[in-house]
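Trainee: I am new to this structure. Please take a close look at one part of it with me, and spell out the terms as you go.

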Amino acid sequence: MADISALNLRFGIPGHVTFRDAPGGLAVVEVANNVANATIALQGAHVTNWTPNAAEPVIWLSPAAKFATGKSIRGGVPICWPWFGPHATESAFPGHGFARTVPWEVTEATMLPGGATRLTFRLIENEVTRAQWPHAVQVENHVTVGETLEFDLATRNLGNKEITIGDALHTYFKVGDVRRISIHGLEDCSYLDKVDGGSSKRQSGLVTIMAETDRIYIESTNDCLIDDPVLRRRIRITKRGSRTTVVWNPWIEKAAKMGDFGDNGYLGMVCVESANAANDVVKIAPGGTHHLWVRYQVEPSA
Ligand code: TA6
């Protein structure tokens with residue numbers, strides 16, 4: 001269990017950065033600055049809220065999310081690492097890797113000159129993670145909470161052999177009504193359609209969602225824009241170090257089966273994930289670092 005008093009003593013900034021206990025034995029850090037506020041669970045270095053001033057929350061957190069040690073929180077920004085989806089060969093290993101369900105330590109909390117706050121989290125390995133991932137690495141999630149929300153998920157290879165990872169920010173965005181949004185930036189991209197047996201297809205026009213959707217867009221590096229006429233805003237997603245974009249909404253039946261989506265929760269969210277997934281894995285040479293860098297920004301509707 002995290003020592004909240006010690007965290008506040010070492011990294012707390014009165015009125016701005018506060019650590020506190022959360023349900024299920026979890027610890028969270030609350031960030032409040034002049035431009036935004038955010039909540040981040042130390043388990044998974046998992047952002048569960050980001051609300052820029054004068055805006056609705058941008059990140060969706062399920063009303064039925066379960067907070068428990070070792071379980072991923074439904075909503076927010078789960079980190080998939082060091083693989084995306086099922087493990088390539090070991091079906092008993094957790095889907096999307098273990099980074100989202102283990103504790104991360106805080107190594108930095110800094111107020112930046114423009115008013116934003118930067119926090120750095122470092123993944124804590126344990127016997128289970130070492131057994132599933134027997135490589136020497138340092139994994140840090142640098143989160144900058146401001147008018148924009150930025151992530152720099154940095155994987156450094158500390159060993160003497162090349163390593164291969166998949167990763168993603170599996171971000172759940174809050175939308176007014178998923179049936180009315182359109183996602184720009186994936187036009188003409190090829191994708192693997194996971195609701196059609198993984199068949200390969202090409203996106204024609206904007207992405208709209210009227211049924212279960214689970215797509216891995218390959219070679220997609222452009223900005224994506226979630227255009228939301230109900231909340232009258234656009235969320236811009238800009239990224240580097242990611243060649244895959246995943247778009248997911250479980251729709252009615254799958255959401256009901258998951259049990260932590262809440263009634264009609266699927267209507268208020270969409271995942272647009274900046275990833276390296278499927279064949280797009282990343283090789284990191286000894287001493288090298290891979291950065292998955294992502295920025296979210298709210299813009300008025302066009
Ligand atoms: O990113 C989309 C996806 O891989 C879906 O296939 C899906 O079921 C999902 O993520 C959620 O996974 P989780 O392990 O969080 O239940």
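Mentor: Start with a term: contact means heavy atoms within 4.5 Å. The model is predicted, so local features need pLDDT of at least 70 and side-chain atom pairs pLDDT 80 or more, while totals for chains, interfaces and linings use all residues. Residues are numbered from 1 along each chain as its sequence is written, and side-chain values use heavy atoms, without hydrogens and water.

Now take glutamate 140. It sits in strand 8, residues 137–145 (strands are DSSP runs of E, at least two residues; helices are H or I, at least four; both are numbered from the N terminus). Glutamate 140 counts as buried because its relative accessibility is 11% (buried is under 20%, exposed over 50%, partly exposed in between, with a 1.4 Å probe and protein chains only). Leaving out residues up to four places away in sequence, glutamate 140 touches Trp104, Thr107, Thr120, Phe121, Arg122, Asp152, Leu153 and Ala154. With arginine 122 there is also a side-chain polar contact of 2.8 Å (N or O atoms within 3.5 Å; within protein, one must be able to donate a hydrogen and the other to accept it, and residues adjacent in sequence count only if both atoms are side-chain atoms).

Next, the ligand. Its oxygen atoms lie by side-chain N or O atoms: 2.8 Å for arginine 100, 3.1 Å for lysine 194 and 3.2 Å for lysine 254. Strand 19 (244–249) and helix 3 (251–258) each give two or more residues to the shell around the ligand (a residue is near if one of its heavy atoms lies within 4 Å).
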